[in-house]
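Biologist: Could you take me slowly through one part of this model, the place where the two chains meet? I would like to know what each side brings to the contact and how the parts are joined there.

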Amino acid sequence: MTSADLRIAGVARGALVRFTFDGREIEAHEGESVAAALWAAGVRAWSGERKPGQPPSRALFCAMGVCQQCALWIDGRRVESCRAAVRAGMEVRTAPPAATAATSPAAPRADEFDVVVLGAGPAGATAALEAQAQGLRAVLVDEAAAAGGQVFRVAPGIAGDGGEGDALRAAVGAAGIERCFDTRVWSVERVDERWLVHALDPHGARCLRARALIVASGATERHHPFAGWDRPGVIGLAAATILLKAQRMLPGREVVVAGSGPLLLLVAKSIVEAGGRVVAVVDSQPRAAWLAQVPALASRPDLVARGLAWRRTMMRAGVPYHFSRTLTRVAGEPPSLAVEVSGGLILRADAVCCGYGLMPATDATRLIGASHAYTPERGGWHVVVDDDQRCDRDHVFAAGDCTGIAGAAAAPLSGRIAALSAARDLGRLDDAAFRRAAAPLKRQRDRAARFGLGVTRVAVAPAAAIAADTLVCQCEGLTRATLAAAIDGGCATLNELKTATRCGMGPCGGRLCEDAAARLVAARLGVARDAVGQATGRPPLRPVDLDALAGAFDYEALPIAAPSPL
Amino acid sequence: MGATAALRAAQGGMRAIVLERESLAAGASGVNAGTLSLSIKRVRLMPYAMRGHAWWRAAGDAVGFKQTGGYTLAFNAREAQLLEERMAMKAEAGAPIEMVSPAAVRAREPALSDRIVAASFCAADGHADSTRTGAYLRALLREAGIEVAEHAAVDAIEPGFRVRARDKTFAGKRILIAAGAWTRGVAALLGVALPIDVNVNTVSVTEAGPVRLSSGIGHATGLLTLKQKGNGSYLIGGGWQGRGSPEQGRGEVATDTLLQNLQLARYAVPAIAHARVIRSWTGFEAHVPDYYPLAGALPGVADAYLLACVRGGYTIGPCIGPLVAELMLGIEPALPLFDPARFAAAA
């Protein structure tokens, strides 16, 4: 690897192997994501006919399998390349194979548990550990190859930075928790007093049946559209943290870091520490925004000190920090991007990382039919839970950031409470024992959440208007002007906007555009954000290969004996 | 249904207002798979389907109408016999349907299964983009000067008629109930009981990709509709049942029937194997026990009319709506209607 390599030096990685990208040989480390390997090889996007309903093709944008823009044909299947681990001899293509790859779908596997935990981040993994400790047969499910969620994410074969994530993974391993990793949950339904979790793993279809469900689906990033946010070289702020922390790679050598919230400093200082240059930090919030949260932040002086230390690292490195500014346009091609900032500043960079805080990920809980509330201080729409982490659907509990962005410290505490509640529901714990165990955890949870929620209050969308010709829905190619016209034409809710314009109907399922679209509706009609509603939860929760879903089947066994009426 | 009836009524000189519980075409008309196929229609409804089809063809680009032609497939001897018998009757009823050899089908559509035992082709079959129905109807109604009140679910009807929808009252000499899956409840407001059941039909869509199929695909049993849109998305339907009811709000996709629907699609068109499904949803479709329309006077209530439970209603609606309007106008409808009174004794 040359010195221009974006891979951070001095990190133990998997063996060097080769794979092909449209026939071009690429050298990479076994275990890194294909998307990161392409990024390091200088690939930022690929051309090809872009059809309506197809998002732009970019090597990276969200880095967590949501935006679908990095999807490529890998060994004959369409997969998000940010979720595919490099293997020697892998064939990666931008165009589908001419002939449909041979398939040998497996018969679906069904398993019975006491509780299924969706999401193996700090909340979910801890919930599973507690459930197991209470004598429940629990299974922990996650799309990633290991526990840790996004906040403690690691890539196979790449040394993590130790600490909480490694400890969590070690605990999960040591306790012998039943795990379904590399497993994509695509639907959840209630049938005959049981929750059925439908999933796909590398071997095929699985159905996990349980009496109780703990949803720990975490968070997703909030975006505020600006001209050029769909261009190669622009990635999310959360994506940058994943690249830096899990893939141990710089987003660029000259990076603009923009948006709001705690990830700004985290990404900027990580880039500086790894030898990259931060051209500028562009914070949409005023300087005083953090000061206003001091009362909430005071509960964690250690984290405050850490934040201040990051600030000092940046100042020593001479990184310009702009407050109350937003990105208005990114133009050009990597490595020469022209980044326009409100107020007239123009910066030059080879990568732009931009995001406006985290929002609870509610797709699973919407599908389940649990009630949600819109609470700005919690990051927006979130599933409603009571003090025992219980949702309003039978035997469903939720923990961690999906209940409100309260941060990584509060997450394990709410996870444990959820598990205790599930144990009580399932008769393993009587009321008195539950109260005894849960009471101290609740106090700690609420204390930890005060800090986390304080931070969330700074991670907000800017008030800046979106230009008329700026793309809001990238999948369907809808500009702010198009959506505004539909709103003026009578769309008053997100669902109505979706029906009228197809906004949110693309492969990313509205995850990139829903928040911005809803803000647009609310602002244009002068109504409260919750009046605009959420999009209806529909399966599959993520795109899934039809063959893998269909699995092995016998045509003659299909229930088509009785034809429709003539 | 209601919109085209209103248009015909207005054309005949009546002043009409459309009361819609949600937004125009938010019901079945806006969420179905967009299939405009004669091959799949019931024999007795074929003349209605052909007229409705012509309306969609005239709407053209405004609704994304495409006349692709369609194949209906059989994969074993039993299905082949069913197909031949049924298609002969449908052709006799006027649909341009002919049997074609499996080899001929495969030559024209190489993406199809090599296990086809028998097939029929209908040159008229096509589809539209159901999500564009609402906007199109809204434009037509506006052009015709017909008032539309949306988000106006009806909660009381007094004979005469005074209709209360939310906090507003509407008065009219005649009333047409064309409330789709909610018809039973609305008719009950006038004291009329109807044996209406509601199906929960499932539709799925895949992400954009290479175009491999140009015709619409159906199955001898009628239990599959499959088409590929211009951007390569496949739309898969066929009436596989989800769960839920209109009273419960939205329906819910049932995984077992979803998978069976996808399996049938996969069997018929192997080329969709690695398309990724990005969304599945359900829509309500009302029916009565004989699966024929309720189209005519509302039993027992003067100046009240009913139009609902039309199987294949997306295609047939624009034909049968105007026919009911003609009844209201005192004109002999061009085609016979389907008297709801046949169920007056029941329920």
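Modeller: What follows is a walk across the interface, from its overall extent to single residues. Please keep in mind that the model is predicted. Chain A puts 55 residues into the contact, while chain B puts in 58 residues, and between them the two chains bury about 4,800 Å², of which 56% lies on carbon and sulfur atoms. Turning to the polar side of the interface, there are 27 residue pairs in polar contact between chain A and chain B, counting pairs with both residues at pLDDT 80 or more. On the side of chain A that touches chain B, at least two residues each come from β3 (71-74), β4 (77-80), β9 (184-191), α13 (494-501), β27 (544-545) and α16 (546-550). The element that gives the most to this side of chain A is β9(A), with six residues. Sorted by kind, the residues on this side of chain A comprise 28 nonpolar, 13 polar and 14 charged ones.

Charged side chains also meet across the boundary, where four salt bridges are found between chain A and chain B. A salt bridge joins the side chains of A:Asp547 and B:Arg266, with a distance of 2.2 Å from N to O.

The two chains are also linked by strand pairing, for β27(A) runs antiparallel to strand β16 (residues 276-287) of chain B, and the two are paired over two bridges. Within this arrangement, A:Val544 lies opposite B:Val277, a residue of β16(B).

Technical notes:
Residues are numbered from 1 along each chain as its sequence is written. Chains are lettered from A and ligands numbered from 1 in the order in which they are written. This is a predicted model: local features need pLDDT of at least 70, side-chain atom pairs count only at pLDDT 80 or more; totals for chains, interfaces and linings use all residues. Side-chain values use heavy atoms; hydrogens and water are left out. Contact means heavy atoms within 4.5 Å. Buried area is the accessible area (1.4 Å probe) that two parts lose on being put together, summed over both. A polar contact is a pair of N or O atoms within 3.5 Å; within protein, one must be able to donate a hydrogen and the other to accept it, and residues adjacent in sequence count only if both atoms are side-chain atoms. Helices (H or I, at least four residues) and strands (E, at least two) are DSSP runs, numbered from the N terminus. Ala, Val, Leu, Ile, Met, Phe, Trp, Tyr, Cys and Pro count as nonpolar, Asp, Glu, Lys and Arg as charged, and the others, Gly among them, as polar. Two strands pair if DSSP finds at least two bridges between them.
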